[in-house]
Amino acid sequence: MAHSGEQDTQAVAAAWHLSGFGDWLSGRAEATRRAYVGDLTSFAQWMGRSDVTSPAGVDRLHLRRYLASLGTRQLARATVARKAAALRCYFAWALRQGVVPADPARTLRAPSGKGRLPRVLSGGEIGTLLDGAGTSALELRDQAALELLYAAGLRVSELCGLDRRGVDLAGRTVTVLGKGGKERRVPIHDRAAAALGEWLRVGRPEMPGPHEAVFVNRRGSRLGPRDVRRILDRLAAAPTHPHALRHTFATHLLDGGADLRVVQELLGHASLATTQIYTHVSKERLRAVYEGTHPRA
């Protein structure tokens with residue numbers, strides 16, 4: 001059965017020219033390329049259940065029904081939006097390649113609706129997570145990684161890709177490679193610098209791995225996103241995604257009076273509109289405090 005399933009997948013990939021689409025995406029981040037090809041594979045298989053076996057048979061109604069079906073599966077709004085983006089990207093490419101006669105996804109948008117606000121850790125939760133003491137190499141690594149995620153608001157990929165040359169402990173900065181291959185230098189506070197310095201001085205020499213990598217795992221490879229998730233699973237009091245520390249960093253800065261454009265720069269967002277989600281988070285927190293403390297609320 002597995003062999004039959006593999007053949008089905010191969011047939012779908014061939015009929016929908018997914019190999020060529022994947023090659024065309026090679027200039028994008030590898031995670032994006034994999035996600036988009038996976039999204040199109042899932043869509044093609046879904047269309048196959050309606051006896052549509054090639055992209056030329058897809059119309060706009062098919063696409064809208066597909067996105068509506070995703071909504072019934074309780075997927076995160078961002079996931080549905082990414083799948084819609086993958087479809088727009090694919091059909092634009094297919095049109096240029098002459099695979100389809102017209103682009104049915106040209107104006108396709110994910111269904112609107114209230115998205116889930118990112119989880120923001122409280123000051124107490126941050127304290128519990130970051131104030132632990134450790135002496136082993138792994139404990140020092142975990143402490144430094146979590147301190148850095150919260151101190152600099154890094155993406156997990158930026159933390160995992162951090163090289164020694166990007167660490168300036170004296171200047172209290174780290175330089176990371178963000179989306180689109182853009183470098184940015186981010187300040188860190190004294191406690192994060194101390195944790196990072198202790199890890200590099202005491203813990204890092206005990207663990208094998210690429211010399212230039214700041215963070216490595218037990219297997220002697222550069223630390224990966226799944227490794228970071230396991231660290232949080234082990235140390236956080238409640239289920240916490242690594243990205244929550246980035247959300248918390250931005251929200252706490254805005255709560256403290258930071259200018260939105262400064263936060264945009266620190267996060268490495270190309271557009272201010274992307275950063276503005278954190279103003280909504282802060283408004284939610286403001287309302288929660290108001291309703292919990294005002295005598296007549």
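This is a predicted model: local features need pLDDT of at least 70, side-chain atom pairs count only at pLDDT 80 or more; totals for chains, interfaces and linings use all residues.
User: What makes α3 roughly perpendicular to α5?

Analyst: The two helices, residues 30–48 and 77–96, pack at about 85°, with their axes 9 Å apart. Angles from 65 to 115 degrees count as roughly perpendicular, so α3 against α5 gets that label.

User: Which residues make that contact?

Analyst: On the α3 side you've got A35, Y36, D39, L40 and F43, and α5 brings R82, K83, A85, A86, L87, C89, Y90 and F91. By type, that's ten nonpolar, three charged and no polar.

User: Why is C89 called buried?

Analyst: Its relative accessible area is 10%, and buried means under 20%, so C89 qualifies. C160 passes by the same cut-off, because its relative accessibility is 5%.

User: What's in the largest nonpolar core?

Analyst: It has 51 residues, and L148, V174, I188, L196, W199 and F215 touch the most other members. Elements supplying at least two residues each include α6, β2 and α9, while α7 gives the most, with ten.

User: Which residues does I188 touch, leaving out those up to four places away in sequence?

Analyst: L148, A151, A152, R172, T173, V174, A193 and L196.

Technical notes. Residues are numbered from 1 along each chain as its sequence is written. Side-chain values use heavy atoms; hydrogens and water are left out. Axes are lines fitted to C-alpha atoms, for helices over the stretch in contact, and angles run from 0 to 180 degrees between N-to-C directions. Helices (H or I, at least four residues) and strands (E, at least two) are DSSP runs, numbered from the N terminus. Angles under 35 degrees count as roughly parallel, over 145 as roughly antiparallel, 65 to 115 as roughly perpendicular and the rest as oblique. Contact means heavy atoms within 4.5 Å. Ala, Val, Leu, Ile, Met, Phe, Trp, Tyr, Cys and Pro count as nonpolar, Asp, Glu, Lys and Arg as charged, and the others, Gly among them, as polar. Buried means under 20% relative accessible area, exposed over 50%, partly exposed in between (1.4 Å probe, protein chains only). A nonpolar core is a set of buried Ala, Val, Leu, Ile, Met, Phe, Trp, Tyr and Cys residues joined through side-chain atoms within 4.5 Å.
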